[in-house]
Amino acid sequence: MKIIRDDNFFMNLAINIAKRNRGMTGVNPSVGCVVVSKSKTIISTGSTGTNGSPHAEKVALDGINIEAGSTLYTTLEPCFHSGKNPPCVNEIIKSGVKRVVVASLDKNPLVNGKGIKKLKNSGITVLKGVLTEETEDLYNEFFNRVSYGVPGINIKIASSADGKTALKNGKSKWITNKLSRNYGHKLRLFNDGIMVGINTILKDNPSLTCRLPGLTNFSPSRIVMDTNLKVPINSKIINTAEKNETIIFTSKFSSERKIKILKNKGVKVIKIPKTKQGLSLNSALKFLGKKEYNSLLIEGGNKLIASAITSSHLNKVFWFSSEKIIGEEGKPSIGKLNINNLDNSPNLFLQNMINLDNNYLKVYRVRK
Ligand code: AOF
Ligand code: ZN
């Protein structure tokens with residue numbers, strides 16, 4: 001089969017390069033960049049560095065000689081501003097590249113079209129809109145944060161075929177298989193924070209880390225919604241708080257003594273308001289947004305998932321379901337939504353379905 005080395009081909013490569021560092025670039029989105037000669041030979045590639053520096057374009061352009069007619073492909077609009085890194089547009093202009101292909105505009109207000117404008121004003125031909133949808137899929141949570149000041153939410157559910165997450169007696173180990181659980185760790189890698197309700201801590205005593213070999217350093221922060229500060233002092237997350245960032249959201253009525261003990265163990269305890277449904281998810285999101293969390297993975301319990309599924313900041317639902325049947329007495333995946341009219345039911349769009357050895361992962365996104 002003859003491979004057509006067109007703009008889609010090279011942008012697809014740039015997307016795959018961007019995916020390689022996903023979850024490892026800190027608050028900075030992972031970008032992929034490919035520089036191609038006039039004869040369509042790949043001259044160099046670059047991806048955003050670990051923890052966000054250097055930027056992908058800088059990596060790709062570093063130390064190479066640009067021949068006339070070269071094109072630079074980048075998944076995200078090159079930056080215009082000086083932040084932790086210098087503006088990539090200046091690097092590109094300096095390099096002598098005469099054509100730039102961009103998949104996705106950078107919705108960061110510091111950039112948002114200004115990067116492309118500057119390139120064009122310098123006489124560079126810019127083509128945008130190549131594989132935009134595929135690329136934005138990587139940046140939706142980041143765009144949510146830079147647009148609304150709060151992280152994009154992803155939900156993870158691991159259930160039986162009939163949508164239950166535990167037996168009546170609370171047992172849930174293991175409803176889904178090893179492959180599903182490993183994939184769950186990948187989701188932890190891709191998200192900046194992982195949030196659970198206090199009952200999940202009390203029931204499972206989880207570590208909430210990413211345990212994929214070689215990637216444990218990129219574990220997300222652990223975040224617990226704990227209205228009455230019931231978190232056991234000797235639980236795994238508290239005992240490892242010095243090593244992995246741990247945030248507990250609680251109400252203003254919680255014991256100051258316990259807050260002090262937790263703080264001494266390295267836990268950040270943050271008081272937020274309560275709503276009828278429990279602690280205000282929106283207040284937690286605002287706090288996390290200010291700390292530049294782009295994405296938040298909510299893993300349970302079902303009450304928290306119910307608040308998240310109706311949130312306007314919901315990005316995707318990752319629903320792992322196994323071959324097992326549990327029955328009516330099992331625990332439902334999603335808590336009360338009090339819907340009386342199907343028109344008001346959250347609408348999801350099935351984006352992908354992956355067979356994981358007789359388990360299925362359905363990836364839903366919110367139709368926006
Ligand atoms: C690019 N190439 O590889 C990435 C970009 O603080 P700074 O200077 O590192 O800038 C961070 C912002 O730059 C980030 O919020 C996003 O708008 C953009 N990310 N831009 O040209 C890259 N990762
Ligand atoms: Zn840049």
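**Exercise 1: the core**

The largest nonpolar core holds 36 residues, and Met11, Leu72, Ile92 and Val100 have the most contacts inside it.

*Solution.* Start with the elements giving two or more residues, among them helix H1 (7-20), strand S3 (71-76) and helix H5 (132-148).

A word on the model: it's predicted, so local features need pLDDT of at least 70 and side-chain atom pairs pLDDT 80 or more, while totals for chains, interfaces and linings use all residues. Residues count from 1 along each chain as written, chains are lettered from A and ligands numbered from 1 in written order, and side-chain values use heavy atoms, without hydrogens and water.

**Exercise 2: the zinc ion**

Work out which arrangement the donor atoms make around the zinc ion (ligand 2).

*Solution.* First, His55 (ND1), Cys79 (SG) and Cys88 (SG) coordinate the zinc ion (ligand 2) at 2.0 to 2.2 Å. Next, the four donor atoms subtend angles of 99 to 120 degrees, so the arrangement is tetrahedral (all angles between 85 and 135 degrees). Along the sequence, the donor residues follow H-x23-C-x8-C. Finally, Cys79 and Cys88 are both buried.

**Exercise 3: Met353**

Decide whether Met353 is buried, partly exposed or exposed.

*Solution.* Locate Met353 in strand S15 (residues 348-356). Its relative accessibility is 44%, so Met353 is partly exposed.

Technical notes:
Helices (H or I, at least four residues) and strands (E, at least two) are DSSP runs, numbered from the N terminus. Buried means under 20% relative accessible area, exposed over 50%, partly exposed in between (1.4 Å probe, protein chains only). Donors are N, O and S atoms within 2.8 Å of the metal (3.2 Å for Na, K and Ca); water is not among the atoms, so sites may look incomplete. Four donors count as tetrahedral if all angles lie between 85 and 135 degrees; four count as square planar and six as octahedral if opposite donors are over 155 degrees apart and all others between 65 and 115; anything else is irregular. A nonpolar core is a set of buried Ala, Val, Leu, Ile, Met, Phe, Trp, Tyr and Cys residues joined through side-chain atoms within 4.5 Å.
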